[in-house]
Amino acid sequence: MEALERFFLIRERGSSVGTELRAGLVTFLTMAYILLVNPQILSEAGMPVADVTVATALGAAFGTLLMGVYAKFPFALAPGMGLNAYFTYGVVKGLGVDWRFALTAVFVEGLLFIVLSYGGIRTIILRAIPAPIKLATTTGIGLFLALIGLKNAGLVVDSPATLVQLGVLHAPVPLLALAGLVLIGALASRKVQGALLIGIATVAVAAWGLGLAKAPESFVSVPSLPRETFWAFDFSQVLTGKFLTVMLAFLFVDVFDTAGTLLGVGRIGGFLKPNGELPGAGRGFMADAVGTVAGAVFGTSTVTCYIESAAGVEEGGRTGLTAVVVAVLFLLSLFFVPTLAAIPPVATAPVLVVVGALMMSGARELEWSRMDEALPGFLTIALMPFTYSIANGISAGIVSYAALKLLSGRPREAHPVVYVLAVLLVLHYATGGGA
């Protein structure tokens, strides 16, 4: 225990080994769905489900372990939602290419990401992001998390007329989710340790008992290593324009998703300096980049930092030990896929809503009386949940911030890098890019 305390600086960060272990479990439970969803999405690209399931767990474990041991942040990584959809529907099906082409683009993107991280370019970009965008990123991610939670709870559903609408509140799933939300809120307000974990376990057991979710038939399964997807690269087209476009698109989303998550989750964990900087961000970027390369080698789409890490941070996780716990659980999950598969989304939905609420505080620090500060911040907040993308929100914030500073006669208030990024982002979206 003493060795863990010294290596991860647990006492220095105001935490304890027990808290870190619990935080790691909470983070894992809120993102374990990726073990089921990612293989489903990538299977539509023609990839074998069994291989992708193992690759998902291994890629997540590798990247998260590096984040914990090297960067020493309590952040978890896994194949990113949105990036896996782009992999399947935007690249493989949209361009009519083989999944090996897309997997190679992810691999090369990860290598380029490492070069950028090593050279400190991404840290420069992170430092150049305006203060309003950094503040708004936390709030935007909070709304994004809350939307995911409300959707999983059945409290918000789609509508052909109004896009979204209120779900059927008297249905069993929304009622159970609301009960879980109240339970977690009450426990948290009473400062009960492990409130989030208690909520997840209680709702999961209730869902099984009420027949709203299928209880696990077995608890253990024996995994097999990836066969078809391991090192399944096709380098024959790396010099083509099509490959370059796809690779840069992956890189763009990966960079801004990671930057947004590091800033947003880092803020609620108290890791940011007064000027909005995240000490050690370069190491966090490197862990993310290496995780992407490792994930591609095993056979999965881009591995990136997860916003669900906020759940563990809110549970008290403050050191890399939280991430190490998540990594170990991802490895163990290879043997317990039936059990994890039985934890329904309604069990983790209340946690995401609670964490989303706790991330709203950054909005009050925005200068709402100055439109050249308020509008970029608002667009950053609004577009994250409304476009289901952290990268789109940050992009809108940066472009609008640069434009407003120029047109309002205050060009020097924006870092020169902001103008470069704004131009690149405009070109990216103008040529059909997106996140």
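Two strands are taken to pair if DSSP finds at least two bridges between them. Helices (H or I, at least four residues) and strands (E, at least two) are DSSP runs, numbered from the N terminus.

1. Basis. This is a predicted model, in which local features need pLDDT of at least 70 and side-chain atom pairs count only at pLDDT 80 or more, while totals for chains, interfaces and linings use all residues. Residues are numbered from 1 along each chain as its sequence is written, and side-chain values use heavy atoms, with hydrogens and water left out.

2. Strand β2 (residues 156-159) and strand β3 (residues 163-166) run antiparallel and are joined by 4 bridges.

3. Overall fold. The protein has 19 helices and 4 strands. Its radius of gyration (taken over C-alpha atoms) is 21 Å, close to the 22 Å that the globule rule gives for 435 residues, so the protein is as compact as a globular protein of that length. The globule rule is 2.2 Å times the number of residues to the power 0.38. Along the principal axes, the C-alpha atoms fill a box of roughly 60 × 60 × 55 Å.

4. Of the 435 residues, 55% count as buried, meaning under 20% relative accessible area, with exposed over 50% and partly exposed in between (1.4 Å probe, protein chains only). Contact means heavy atoms within 4.5 Å. Among contacts with a separation of 6 or more, 80% are between residues 24 or more positions apart.

5. Surface and charge. The protein exposes about 17,900 Å², and carbon and sulfur atoms supply 68% of that area; accessible areas come from the Shrake-Rupley method with a 1.4 Å probe. There are 25 positive and 24 negative side chains, and the centres of the two sets lie 6 Å apart. Lys and Arg count as positive and Asp and Glu as negative, without His and the chain ends; the charge is placed at NZ of Lys, CZ of Arg, CG of Asp or CD of Glu.

6. Glu109. This residue belongs to helix α6 (residues 99-118). Glu109 is buried, with a relative accessible area of 0%. Not counting residues up to four places away in sequence, Glu109 touches Met247, Phe250, Leu251, Asp254, Thr292 and Thr302.

7. Gly284. Helix α12 (residues 281-298) contains Gly284, which is buried at a relative accessible area of 0%. Leaving aside neighbours within four places in sequence, Gly284 is in contact with Met67, Ala71 and Phe73. The C-alpha atoms of Gly284 and Leu66 are separated by 8.7 Å, although the two residues are 218 residues apart along the chain.
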